[in-house]
Amino acid sequence: MHAATVLAMTVCYLAIDVGSAKLAAGVVGEDGEVLVRDRISTPARDVWPALARLVSRMQASAPTQPVGCGIGCSGPANPFDGTVSPLHIPSLVGFDLAAQVEALTGLPSVVDNDAKAVALAEGWCGAAVGVSDFVAISMGAGVGGGIVSGGRLLDGHRGNAGHFGHIVVEPDGRPCVCGGKGCVEAYCSGTAIEEETGRPPQRAPQGVVDRTGILIGRALASLGAICDLKMAVVGGSVALGFGEPFFVALRTELEQRANLSFLRGFSVVPAGLGQLAPLVGAAALVRRRLATGR
C-alpha cells in the first residue's frame with residue numbers, strides 16, 4: 001500500500017466548530033475527509049458543558065486516536081493564548097477554550113477564528129488548492145473572512161486578520177454588534193437578514209438576496225485592491241443557501257468596481273467544501289500547528 005494512503009488511513013484530527021447557532025464536532029482524516037460528525041444547537045447559556053459532551057462523544061467515535069484537536073470559533077479569537085470572545089456568545093467571552101479542550105481530550109489543541117480556519121481548509125483540499133492569494137468568506141449567523149497571501153494565512157498582531165464582516169459598506173448605516181455602523185455583518189449575516197425580514201435567510205425576498213450580493217461584491221472590490229487577491233471563495237449557509245442569484249449579483253458588482261489592472265481575473269467561486277468547510281478548517285488549524293508550529 002502506498003505510504004500516503006497509509007498516512008490518510010491512520011492519521012486523523014479532532015475538529016470543533018463553535019458558532020452562535022450551532023456547535024459541531026467531528027473527526028477528519030489526513031486527506032480532509034470528514035469521517036464522523038455531529039452537531040447540536042448552541043444553547044442560550046452553559047455553552048461549554050454542552051460542547052464538552054459533544055466533543056467527548058466524537059472523540060470516542062474516532063476510528064483511531066486523533067493526533068490533535070483544532071477549534072474554529074466565531075470571533076474575535078486569540079490563537080496566541082487560546083482564548084475566545086465571540087460577539088454572539090456572551091458566556092464564552094474571555095474563555096480559555098484551547099486549554100479547556102486540551103484538558104478534556106488530552107490532545108494538543110489550537111483555536112482560531114472560524115473563517116480563518118475555512119481559508120486553510122479551502123487551500124488544503126477545497127476550491128483554492130494551488131492558489132497562493134485568496135480570501136475565504138463565511139456567511140452564516142455572522143460574516144467572517146480569512147486571507148491567504150503568498151501562500152500564508154494572515155494572522156495580524158492579535159490573530160484577528162480578515163474580519164471581513166466589519167468592512168463598512170454603508171456609511172452611517174445600521175448599527176453593528178461590533179459597536180460600529182454600516183458593517184457588512186449588519187446587512188449580510190443570517191442574523192441581520194432574519195431580523196430585517198422576519199424570515200430565515202433561505203426564505204429571504206429576491207431583493208434582499210440581490211442586495212446581499214451587491215454589498216459583498218462592494219466589500220470584495222476594496223479588499224481585493226488592498227491585498228492584491230486572485231480569488232474569493234464564498235461559503236456559509238447564507239451564501240450557499242441563496243445560490244446562483246446571489247453569486248450573479250456579487251460578480252456583477254465586483255466587475256463594476258474592481259477596475260484596477262491587477263484585479264483583472266479576480267474570480268469568485270462557491271466554497272468547494274460546502275457545509276463541511278468549518279470542520280475541515282478546524283482540522284486544518286491543528287494540522288498546520290503540528291507541521292509548522294504556527
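## A hairpin turn

G32 takes a positive phi near 90 degrees in the hairpin of β2 and β3, which has 4 residues between the strands. Strands here are DSSP runs of E with at least two residues, and helices are runs of H or I with at least four residues, all numbered from the N terminus.

This is a predicted model: local features need pLDDT of at least 70, side-chain atom pairs count only at pLDDT 80 or more, and totals for chains, interfaces and linings use all residues. Residues are numbered from 1 along each chain as its sequence is written, and side-chain values use heavy atoms, leaving out hydrogens and water.

Strands pair if DSSP finds at least two bridges between them. Strand β1 (residues 12–18) runs antiparallel to β2, joined by 7 bridges. Y13 has V28 of β2 as its bridge partner. These two strands form a hairpin with 3 residues between them.

On to strand β3 (residues 34–41): 7 bridges join β2 to β3, again antiparallel. G26 has R37 of β3 as its bridge partner.

How many of the 8 residues of strand β2 are buried? The count is 7, so strand β2 (residues 22–29) is largely enclosed by the rest of the structure. Buried means under 20% relative accessible area, exposed means over 50%, and partly exposed lies in between (1.4 Å probe, protein chains only).

## Two cysteines apart

A disulfide is a pair of cysteine sulfur atoms within 2.5 Å. The structure holds 0 disulfides. For C12, the nearest cysteine sulfur is that of C69, 11 Å away. C12 is buried, at 1% relative accessible area. C69 is buried as well, at 0%.

## Salt bridges

A salt bridge puts a side-chain nitrogen of Lys or Arg within 4 Å of a carboxyl oxygen of Asp or Glu. The structure holds 11 of them. One joins D17 and K22, with the closest N and O atoms 2.8 Å apart. D17 is buried at 6% relative accessibility, whereas K22 is partly exposed at 24%.

E170 and R218 also meet in a salt bridge, 3.6 Å from N to O. E170 lies in the loop between β10 (152–153) and α5 (185–188), and R218 in helix α7 (residues 206–227), so the pair ties together parts 48 residues apart in sequence.

E253 and R257 form a salt bridge too, with closest N and O atoms 2.3 Å apart. They sit 4 residues apart in helix α9 (residues 244–257), so about one helical turn separates them. Salt bridges that share partners join E170, R218, E253 and R257 into one network.
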